[in-house]
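Please go through the model below with me, starting from the terms and then moving to the strands, helices and charged pairs.

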Amino acid sequence: MVCKLAALVTAVIQPLAGYMAFPIGAFVDDAKGYTGKLNPGPLWSYHLGRASGWIESSGLGGFGLPEIAMPMDPSRTEVFESTAYAVMHAMISKGPLPLGTVLGSAVGEFRVEAELSGALWLQPTNPVPGIEATARSRACVGRKRALASLIGPHSHYHVPRGEHHVAQEHFFLGGECYAMTNGVSDAAQPGGSPEDQNTHVELVVHAGRLGAWASNVLAWAGQSFHAHDAARPFRAFDRFVLPSPMQRIPAVMFWPFGHLQPEPTRRVDLWVLLPLTAEELRQFRANPQSQGQWIEARETRQDIHLVEQRWDALAASEARK
């Protein structure tokens, strides 16, 4: 029974919590009574960014409160619990905390440094054992939450930084799935420019289902994004040839998908990876002008979704193995 309820919370209640609408203060009395009885029990679930170095609450949105995120050593969850409990109590009595607010907890002082698409980012005012205060962690949370807000209710799976050095976020929305690199935009692309909107970029796969193939495609493209001469930066609509062809998909095209604004001063452009067939790749190489014509035709017909469906055939093939 416990396992069934946990699956229900993960799949339905938790992903939708941030999208419920309640009057301001509707749950203040309930929350005060709840936390008073549990002291210091939590009123949230949380998940770790592990190798990305962050931890984030999930569930406070259901009580009309912002979520809480902060840099974190995965082995020191008690640091987060103590801090989050103090912040939660302050929000119950005073409402959402403005930027710059400093609060003390059993492990030290923390400042509310940023609002990241519905979450407050907490930064220690002084070094705290078990916490590495890095800008990378904050950016990782901001990008993930910004895309989550853009696509709406979903289930989420975090793939931490591993041998490929770039974390990934996988979002599941019934018949639609998104997988996004989370770390490529930490550094500016060599030779990128604001005019070309290719300075800070994250890469996305949009498909009906995801699998290891999506992680591999993103990892290959993400690793290559900064490994080139500044005289030849990647631009929107450029091709990227995969190291190993995947089910008759030898290459992808960088198709601009929009952008994220995880913080007011931080813009991150999103490029969807469109799968190209071997015939299209041969044609584009033989006649570069044909690639521009192909792009114009797709934009006119607005049928990019048909190209993205090629991933579904690959996913189905991988699932049968």
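Buried means under 20% relative accessible area, exposed means over 50%, and partly exposed lies in between. The model is predicted.

Q: Is R145 buried or exposed?
A: A residue counts as buried when its relative accessible area is under 20%. The relative accessibility of R145 is 14%, so R145 is buried.

Q: How many residues apart in sequence are the parts tied together by E56 and K144?
A: The side chains of E56 and K144 meet in a salt bridge, 3.1 Å from N to O. E56 is in strand 2 (residues 54–58) and K144 is in helix 4 (residues 135–151), so this pair ties together parts whose separation in sequence is 88 residues.

Q: What is the relative accessible area of K144, and what is that of E56?
A: The cut-off for buried is under 20%. K144 is buried, with a relative accessible area of 6%. E56 is also buried, and its relative accessible area is 1%.

Q: Is R267 buried or partly exposed?
A: R267 meets D269 in a salt bridge between side chains, 2.8 Å from N to O. D269 is buried at a relative accessible area of 7%. R267 has a relative accessible area of 34%, so R267 is partly exposed.

Q: How many salt bridges does a search of the whole structure find?
A: Besides the pairs above, R111, E113, R138 and E263 are linked in a network of salt bridges. The search of the whole structure gives a total of 13.

Q: Why is strand 8 largely enclosed by the rest of the structure?
A: Strand 8 covers residues 167–173 and pairs in the antiparallel sense with strand 7 (residues 155–159) over five bridges. Seven bridges join strand 8 to strand 9 (residues 176–182), also antiparallel. Strand 8 is largely enclosed because five of its seven residues are buried.

Q: Which residue of strand 8 stands opposite Y157?
A: Strands 7 and 8 are antiparallel. Along this pairing, the bridge partner of H158 is E169. Opposite Y157 stands H170.

Q: Which residue in the turn between strand 8 and strand 9 has a positive phi?
A: Strand 8 and strand 9 form a hairpin, with two residues between them. The turn residue with a positive phi, about 70°, is G174.

Q: Which are the edge strands of the open sheet?
A: Seven strands form the sheet in the order 7-8-9-10-13-12-11, with mixed pairing. An edge strand here pairs on one side only, and this holds for strand 7 and strand 11 (239–246).

Q: How far apart are the end C-alpha atoms of helix 3?
A: Helix 3 (residues 77–94) has 18 residues, and at 1.5 Å a residue it should span 26 Å. Its buried residues include V79, F80 and Y85.

Terms used:
Residues numbered from 1 in each chain as written. Predicted model: local features only at pLDDT ≥ 70, side-chain atom pairs only at ≥ 80, totals over all residues. Heavy atoms only, no water. Buried < 20%, exposed > 50% of the residue type's maximum accessible area, 1.4 Å probe, protein only. Helix = DSSP H or I, 4+ residues; strand = E, 2+ residues; numbered from the N terminus. Pairing = 2+ DSSP bridges. Expected span 1.5 Å × (residues − 1). Salt bridge = Lys/Arg side-chain N within 4 Å of Asp/Glu carboxyl O.
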